[in-house]
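This report covers the structure shown below. Fold content comes before local detail.

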Amino acid sequence: VDKDRLEFEEFYTAARDHCLHVVLISVGDRHLADDLVAEAFTGAWASWRKVRVHPAPHAWIVRTALNLHVSWWRRRRREVALASQDEAVAASQYPGLDSSLVTALRRLPARQREVIVLRLLLDLDTATTAQTLGMPNGTVASHLHRGLAALRREIPALDYQEQIK
Amino acid sequence: VNDTRLAHAVRSGLAEARDSLSTVHMAIPASEIMARADEARRHRRLGVLAGAGGLAAVAVAASVALPASYPTASDSARGHGAHLAAWTVTQQANGNIQIIYREIRDAAGLQRVLRADGVPASVTFPGRENPACRNLPSPHPRWRPGLTPAQIGGPVYWGPHNDTPTPYALIIRRAALPSGVGVALFGSGRDIGEPYDRLAGVPVGLGVNLVRASSQCTGS
């Protein structure tokens, strides 16, 4: 058990910020992202024997976070931050969250959004994405194609940018 | 433009968004994550016990008696660079209200949360006590190893909290608050790091009295 705890702590320390950033991009709300990721890691520890052998545990966290209810952590958040941290939070700016691409991503249907997040943001291959989302490889490809098409319709400049490059 | 090239553009754009979040950090320590999962597992076990044997009463009693119902965190939140909260109010599975505090700020906010949880409460700072509050005799039982909340008996007591370096926790047993009695808290606003003797010391930074509940003092 001690070995498991150490292993989980190492995983959590290494993956938590990365997972938080990905979920934050997907949901656009800092507190909600915090809650979702915390609950997902809670689930990971509860099922650590399974999650530790997953081909992409951090993808398991992201996928779980995007499918969770977060009532417990929401209740927990009824607190007030220390002054210095209030200032730190207020001073933080996340301009990337307001980009047209991120906004369009959040408008996608859930499955398309998940596939794009796992394939393009987490850089998973199709097979691992399929395993993480519990769908066939072909369905992953299909969702990716539809998601990209939707993004292209929302942001024609994406084509333009790519042509320039 | 085919999917591959478009995917490349999307990947680049999302990477830029992710990089802009480099100052955003997950604040909750691993110990708290694991404690939450362990607590949920314990509650599931108790639920199974009650369901399987019709032993609901036993399950409730066990949940009250379990010292492990407290957070079992052992890591230093500060050491992990955690986002410390000045105070956190948690409603425990047994109905008790636990206030973990490092500093008493936003007294009005704390008062609002406690009242929303059904605790007739007044929260003020020293020198700003609500003149409408009438103190009642308020013994302050102290938790000692081996004592359960039921054995402590009082409606308000200082309990253990292992989330060092902030081991300050005040527990309000709503069920033990007599009708017409509320709680008045007096926060000193002192920072963390004060010495704390878990066996004998009442932690500094927060005083508490039982008061006569009234709309002017405790809101109800």
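The model is predicted: local features need pLDDT of at least 70 and side-chain atom pairs count only at pLDDT 80 or more, while totals for chains, interfaces and linings use all residues. Residues are numbered from 1 along each chain as its sequence is written, chains are lettered from A and ligands numbered from 1 in the order in which they are written, and side-chain values use heavy atoms, with hydrogens and water left out.

## Chain A

Chain A contains eleven helices and one strand; these are DSSP runs (helices H or I, at least four residues; strands E, at least two), numbered from the N terminus. Along the sequence the order is α-α-α-α-α-β-α-α-α-α-α-α.

Of the 165 residues in chain A, 52% are buried (under 20% relative accessible area; exposed is over 50% and partly exposed in between, with a 1.4 Å probe and protein chains only). The accessible surface of chain A is about 7,800 Å², with 51% belonging to carbon and sulfur atoms; areas come from the Shrake-Rupley method with a 1.4 Å probe. Among contacts (heavy atoms within 4.5 Å) with a separation of 6 or more, 67% join residues 24 or more positions apart.

Just after α1(A), Gly28(A) has a positive phi of about 75 degrees.

The axis of α1(A) comes within 7 Å of that of helix α7(A), residues 100-107, and the two cross at roughly 75 degrees. Axes here are lines fitted to C-alpha atoms over the stretch in contact, with angles from 0 to 180 degrees between N-to-C directions. The two helices are therefore roughly perpendicular (65 to 115 degrees). On the α1(A) side, the contact involves Leu24(A), Ile25(A), Ser26(A) and Val27(A), which meet Val102(A), Leu105(A) and Arg106(A) of α7(A). By class, this contact has five nonpolar, one polar and one charged residues.

## Two alanines

Ala14(A) is part of helix α1(A), and Ala38(A) lies in helix α2(A), residues 30-46. Ala14(A) counts as exposed because its relative accessibility is 66%, whereas Ala38(A), at 0%, counts as buried. The table gives one C-alpha pair for each.

| Pair | Sequence separation | C-alpha distance |
|---|---|---|
| Ala14(A) and His58(A) | 44 residues | 9.5 Å |
| Ala38(A) and Cys19(A) | 19 residues | 10.0 Å |

Key:
Angles under 35 degrees count as roughly parallel, over 145 as roughly antiparallel, 65 to 115 as roughly perpendicular and the rest as oblique. Ala, Val, Leu, Ile, Met, Phe, Trp, Tyr, Cys and Pro count as nonpolar, Asp, Glu, Lys and Arg as charged, and the others, Gly among them, as polar.
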